[in-house]
Amino acid sequence: MQMKFQEFDLKLTHRWTIASSLGPGGAGGTEIFKVVFVELRDKNGVLGIGEAAPSTRYERGIESVLSFLRQVDADRLSFDDLSPSMEYLDGLGSGHFAAKGALNIALLDGAARLSNKPVCDYLGLGFTERKHVTSFSIGIDHPDSIRRKVAEAESYPVLKLKVGSPQDRQNLAALREIAPQKPIRVDANEAWKTKEEALGQLEWLAGDGAIQFAEQPMPATSAPRDLAWLKERTPLPIMADESCLSANDIELCADCYHAVNVKLMKTGGISGAVEALKAARTSGMKTMIGCMIESSVLITAAAHLAELTDYLDIDGNLLISNDPFLGATAEGGIISFAKTPEPIGLRVQSRDPLADRRSIHHSETATIQVENC
Ligand SMILES: [Mg+2]
């Protein structure tokens, strides 16, 4: 097996700020999000593509991904049998979920291509068109910008508003000026530090009448008894995100939350996400597949798991201006494979086939920044 990987800067259309990156006076946030694309190719030329979009909330970032990938002996990886490949990767070190996730996705892409099936069918899940709708996220901002962003997102039927700033009330009011009826979700990203503060905010939000649920109201490090206290009293369903990394967290989350947000970059790829989503459903929770700021590689990988979810929040590729890949589409928020050029595997394709040859370098060589596709 040959392995290549390439660092790439995804450019955000709007500066992206959430509660955990909010600085004094509304400063903070980012305009660039670094990812790494991974390509595996077996001796017959079968290709597998993956992506790592590491969040510094969970790991050390891009350098950590690159150092893990440099350790990998690609000859130990195979599209024929994924378990030994993943055991080998786990043996290289604990953590590194983004790098392992990229390789897990590339391996599944190749394995599904060998079976002549899309990944969702290879996994036995299938995919129903015109059923799965993603929310579109509005980051923390000033009310004027919120109005503009909500207007720009008119075609998306469900929005997700990031909260946890001193301007939450003005921001929600600004959203409602432009989209008075639209169902929305909110995400506090661990902003409310006590159970009483969280309950107060959730009671205020419930007054809106069209909020489906609130993500991660309190820090993941909160005492489970405080989270369970909140679950008992909250007027809005609450969903674990930062509290739920993998299937190992599902049992505790079931006591503290009504739902979980599973992400490929927390679970170490598709295999771990399937395990977490199935475990969450078995425990009676609602499920969502979510994302980081990502290209269409990871978003499309997540879309293959839609049948295991009640909600989708896979809009990372909609928030960037230089997505180098084509994959599942989200016209009007509806996730679809109908216009996807690749019929099998992950169903992603480089926007510029020449870019593959021009910019992806072998693992032995230094990675370079490439120009936008
Ligand atoms: Mg979240």
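A crossover is right-handed if, with the strands pointing away from the viewer, the path from the first strand over the helix to the second runs clockwise. In this predicted model, strand β6, helix α7 and strand β7 form such a unit, a right-handed β-α-β. The sheet around that unit is open and has 8 strands.

- Two strands form the edges: β4, residues 136–138, and β11, residues 311–312. Each of these edge strands pairs on one side only.
- Ile289 has Leu312 in β11 as its bridge partner.

- β6 covers residues 184–187, and β7 covers residues 211–215. Their pairing is parallel, with 3 bridges.
- Asp187 sits opposite Glu215 of β7.
- Helix α7, residues 195–206, belongs with β6 and β7 to the right-handed β-α-β unit.
- β7 also pairs with β8, residues 238–240. These two strands run parallel and are joined by 2 bridges. Here Ala214 faces Ile238 of β8.

**Helices α7 and α8**

- Helix α8 spans residues 224–233. The α7 and α8 axes come within 10 Å.
- The crossing angle is roughly 25°. Angles under 35 degrees count as roughly parallel, so α7 and α8 are roughly parallel to each other.
- The α7/α8 crossing is right-handed.
- On the α7 side, the contact uses Lys195, Ala198 and Leu199. On the α8 side, Asp226, Trp229, Leu230 and Arg233 take part.
- The class count for this contact of α7 with α8 is 4 nonpolar, no polar and 3 charged residues.

**Helices α2 and α3**

- α2 runs over residues 82–91, and α3 over residues 97–114. Their axes come within 11 Å and cross at roughly 165°.
- Angles over 145 degrees count as roughly antiparallel, so α2 and α3 are roughly antiparallel to each other.
- The crossing of α2 and α3 is right-handed.
- α2 brings Leu82, Ser85, Met86 and Leu89 to the contact. α3 brings Lys100, Leu103, Asn104, Leu107, Leu108 and Ala111.
- Sorted by class, the contact of α2 with α3 holds 7 nonpolar, 2 polar and 1 charged residues.

**Helices α5 and α6**

- α5 covers residues 143–152, and α6 covers residues 168–178. The two axes come within 8 Å.
- α5 and α6 cross at roughly 35°. This crossing is right-handed.
- α5 supplies Pro143, Ile146, Arg147, Val150 and Ala151 to the contact. α6 supplies Gln170, Asn171, Ala174, Leu175, Glu177 and Ile178.
- The contact of α5 with α6 comprises 7 nonpolar, 2 polar and 2 charged residues.

Note on methods:
Residues are numbered from 1 along each chain as its sequence is written. This is a predicted model: local features need pLDDT of at least 70, side-chain atom pairs count only at pLDDT 80 or more; totals for chains, interfaces and linings use all residues. Two strands pair if DSSP finds at least two bridges between them. Helices (H or I, at least four residues) and strands (E, at least two) are DSSP runs, numbered from the N terminus. Axes are lines fitted to C-alpha atoms, for helices over the stretch in contact, and angles run from 0 to 180 degrees between N-to-C directions. Angles under 35 degrees count as roughly parallel, over 145 as roughly antiparallel, 65 to 115 as roughly perpendicular and the rest as oblique. A crossing is left-handed if the near helix is turned anticlockwise from the far one by less than a right angle, and right-handed if clockwise. Two residues are in contact if their C-beta atoms, placed from the backbone, lie within 7 Å. Ala, Val, Leu, Ile, Met, Phe, Trp, Tyr, Cys and Pro count as nonpolar, Asp, Glu, Lys and Arg as charged, and the others, Gly among them, as polar.
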